[in-house]
Amino acid sequence: MASEADQNQPTKKPTLADNHGEEDEDFISRLPDTILHMILSKLEMRDAAVTTAVSKRWAPVFTTLPSLKIDGNSFNPRVLAYPDHWEPYVEDADKWMESLFSVLDSRKTPIEKFEIDVGIFAKCDGYFHVVFRELCGAGVKELLILNNAFDHIYDLPSPVFSCNTIVNLELLYCSIEVPSKLTGLRSVKSLKLRHVTVADIDLRRMISQCNAMEKLVITDCNKVENIVIRGPSLLELVINFCRPVGISLKSVPRLAFVEVSLIYDYNSWFEYYASFEERFAAREDSDEDFFTYCSNDNSFRDTGKTFEGTNEATNLMAFLNRIRSVKDLRLNFSNEYRAMLSKEGIALPTRLSPKCYLVELKKLQLSWPSNYHTFNTLVSCLLKSSPHLMEIIICVDASCDDKYRHFALELDFWDKQLPAECVKHHMTTATFYYGYISEDCFGFPKFLLLNARNLKNMNIFYTGKLNDKPETTDKIKHEVLAVQQASPDVEMTIKPLISRFQYSDDDGDLS
């Protein structure tokens, strides 16, 4: 029986510890591993690693992370501040590699995604060979090797070519030499090659080996002159080059999205030229000067010939003739490309061959620096060859130099054109982005208003100072609405662009 003293004691309020006893933990620690993994994935590597010392609950969380994202700062002794355009660099390569091996050795489960963005691959290639051998042997699914030292190209290690668990492979500033016996890469669904050095035959073999590939991105690859693609499962293709290159599609029956950017710029040759400087520095013949080395290098010499003699019109038409199944097509061209496309003796056809019509195409986006005759001829060709096109987007680059504008399209080009089948019956949306406003830039919008019977929306965005926007907007309204509209239901939006990706919220709509 309780004593009188005990009865006089105040009643103790129940606590969380009373309910859960020794198992009492904070709310975050009681979350499932999948949520904790998401939390740690948002932290820097050094911060995520110290959570192993928090409690017994947290100890295995870091060592079972399904993905690791590593950069130069991950194992530096202190976090350094870098300008936005600089990549973190490794202060002490030996200690940095020791820390990386320590993290990998502590793993309790295989790594599913491994992303590494550093500039010491070439310097520590032996160590990294071991790293990628272990990752590939353990069944890594996503592998991103991002070499941020563009002047020290990294040779892709052989274990990658024999791995059949990788579904996502991304390479930056790597050199690819496909082994004679290629046994891996059969599970790759997404392949991204950016600024890699690879010969045509190696690129062709690598692409052909990836039978399951659904997405392919190729950006400014050195030594590449002709891209040959066989992709029975390929759905999405993105190609970006700053120099002439041939694109040959052999078998792409499922291809639905294509984006090709041919932004030829002579200044961009510096980067390609710089890659030869790096190879020159590693040459065995120390008595050979740099320019002799370049003149003796077939890839450098032959690429120059390709740039001078490429028949761009033939290449472009051959490419367009092989994308019959595409639903979304985006083409981005520079003025340098236009100059090559419109060389004397080379003419674009008025339409594609009927058997090559883009019968599945629903959306077309075209970007170029000005309303050149050559580009408008291409627009007309694509309209006549895309019977079911529903949406078109035209972007006239805001960065266009004034010195090019006198090449602009003559005023009556579209007055001479007959409306294509898609314009008369299927076109519903048209959007225009103008980097500048000139007297002859509204020929195509007026052509669509005059002939597109099912047009529902027309959007015109232009670059200009906001303080003179009302005057400019009124001028555009007066110019465009002067024609008789074939569709009584079309809604028009005319707004000034604040930047390339934003427009003013001030009212500029018309009904």
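Started with Trp 58. Is Trp 58 buried or exposed? I get 9% relative accessibility, so Trp 58 counts as buried, the cut-off being under 20%. Caveat for myself: this is a predicted model. Trp 58 sits in the loop between helix H4 (45–49) and helix H5 (59–63). I also checked its spacing to Leu 36: the two are 22 residues apart in sequence, and their C-alpha atoms are 8.8 Å apart in space.

Next, the surface around there in sequence. Ile 35 belongs to helix H3 (residues 33–41). Its relative accessible area is 33%, so I logged Ile 35 as partly exposed. Together with Met 38 and Ile 39, Ile 35 makes a nonpolar patch on the surface. The three share about 250 Å² of accessible area.

Then the inside. General reminder: in soluble globular proteins, nonpolar side chains tend to be buried together. Which residues have the most contacts inside the largest nonpolar core? I found Trp 96, Leu 100, Phe 114, Phe 128 and Leu 383, in a core of 132 residues. There is a second, separate core of five residues, and I noted Leu 144, Leu 146, Ile 153 and Leu 172 among them.

How many aromatic pairs does the structure hold? I count 18. One of them is Phe 121 with Phe 132, stacked at 6.5 Å centre to centre with 20° between the planes. This pair links distant parts of the chain, 11 residues apart: Phe 121 is in the loop between strand E2 (113–118) and helix H7 (125–137), while Phe 132 is in helix H7 itself. I looked up the burial of both rings. Phe 121 has a relative accessible area of 0%, so it is buried. Phe 132 also comes out buried, with a relative accessible area of 0%.

Another stacked pair is Phe 333 with Tyr 337, at 4.4 Å centre to centre and 20° between the planes. Both Phe 333 and Tyr 337 are buried.

One more entry on the rings: ring pairs join Phe 114, Phe 121, Phe 128, Phe 132 and Tyr 154 into a cluster. I had already written down Phe 114 and Phe 128 as residues with the most contacts in the largest core.

Terms used. Residues are numbered from 1 along each chain as its sequence is written. This is a predicted model: local features need pLDDT of at least 70, side-chain atom pairs count only at pLDDT 80 or more; totals for chains, interfaces and linings use all residues. Side-chain values use heavy atoms; hydrogens and water are left out. Rings of Phe, Tyr and Trp (its six-membered ring) pair if their centres lie within 6.5 Å; planes under 30 degrees apart count as stacked, over 60 as edge-to-face and the rest as tilted. Helices (H or I, at least four residues) and strands (E, at least two) are DSSP runs, numbered from the N terminus. Buried means under 20% relative accessible area, exposed over 50%, partly exposed in between (1.4 Å probe, protein chains only). Patches are made of residues with over 30% relative accessible area and no salt bridge: like charges are joined within 9 Å, nonpolar side chains (Val, Leu, Ile, Met, Phe, Trp, Tyr) within 5 Å. Accessible areas come from the Shrake-Rupley method with a 1.4 Å probe; for residues, only the protein chains shown count as cover. A salt bridge is a side-chain nitrogen of Lys or Arg within 4 Å of a carboxyl oxygen of Asp or Glu. A nonpolar core is a set of buried Ala, Val, Leu, Ile, Met, Phe, Trp, Tyr and Cys residues joined through side-chain atoms within 4.5 Å.
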